[in-house]
Amino acid sequence: FLGGKTDPRKSNHYGEADDYTIPKIHHITTSHDHQPAPQNSNLTMVVRKLKVNEELIFEFHQLFVLKNVTHKWIHANDIFRVASCNFH
């Protein structure tokens, strides 16, 4: 077919990716706080860390509002920020 060469359609398209190890990714919640808010809402803050292979990549804070509408919790607002320094 190709003059003694192997068919490229049957070759390993991943090259050296066979030796690639999958990193371990961990999301760790370090603290959280929940407070009642006006208009049948709940204000929640969560501080989390992201680690890859046990190495801290970054810490982030998330603040969001949950509203109770007809006995269902609706995600009404969200603020997400990466922490510029470690507060712990």
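Author: Phe64 stands opposite Asp78 in β4, where a strand is a DSSP run of E with at least two residues, a helix is a run of H or I with at least four, and both are numbered from the N terminus. This is a predicted model, in which local features need a pLDDT of at least 70 and side-chain atom pairs count only at 80 or more, while totals for chains, interfaces and linings use all residues. Residues are numbered from 1 along each chain as its sequence is written, and side-chain values use heavy atoms, leaving out hydrogens and water.

The strands β3 and β4 run antiparallel and are joined by 10 bridges, and two strands are said to pair if DSSP finds at least two bridges between them. Further along, Asn68 has Trp73 in β4 as its bridge partner. The two strands form a hairpin with 2 residues between them, and Thr70 in the turn has a positive phi of about 45°.

The protein as a whole has 0 helices and 4 strands.

Now for the rings. A pair of aromatic rings is described by the distance of the centres and the angle of the planes. Rings of Phe, Tyr and Trp (its six-membered ring) pair if their centres lie within 6.5 Å, and planes under 30 degrees apart count as stacked, over 60 as edge-to-face and the rest as tilted. A search of the whole structure finds 2 aromatic pairs. Phe58 and Phe60 make a tilted pair, with 5.8 Å from centre to centre and 55° between the planes. The rings of Phe60 and Phe80 have centres 5.0 Å apart and planes at 40°, so this pair is tilted. The pair of Phe60, in strand β3 (residues 55-69), and Phe80, in strand β4 (residues 72-82), links distant parts of the chain, 20 residues apart. Together, Phe58, Phe60 and Phe80 form one aromatic cluster.

How covered is each ring residue? Buried means under 20% relative accessible area, exposed means over 50%, and partly exposed lies in between (1.4 Å probe, protein chains only). With 7%, Phe60 is buried, whereas Phe58 counts as partly exposed at 29%, and Phe80 counts as partly exposed at 48%. Of the 88 residues in the protein, 15% are buried.

Not counting residues up to four places away in sequence, Asn42 touches several residues, among them Phe64, Val65, Leu66 and Trp73, where a contact means heavy atoms within 4.5 Å.
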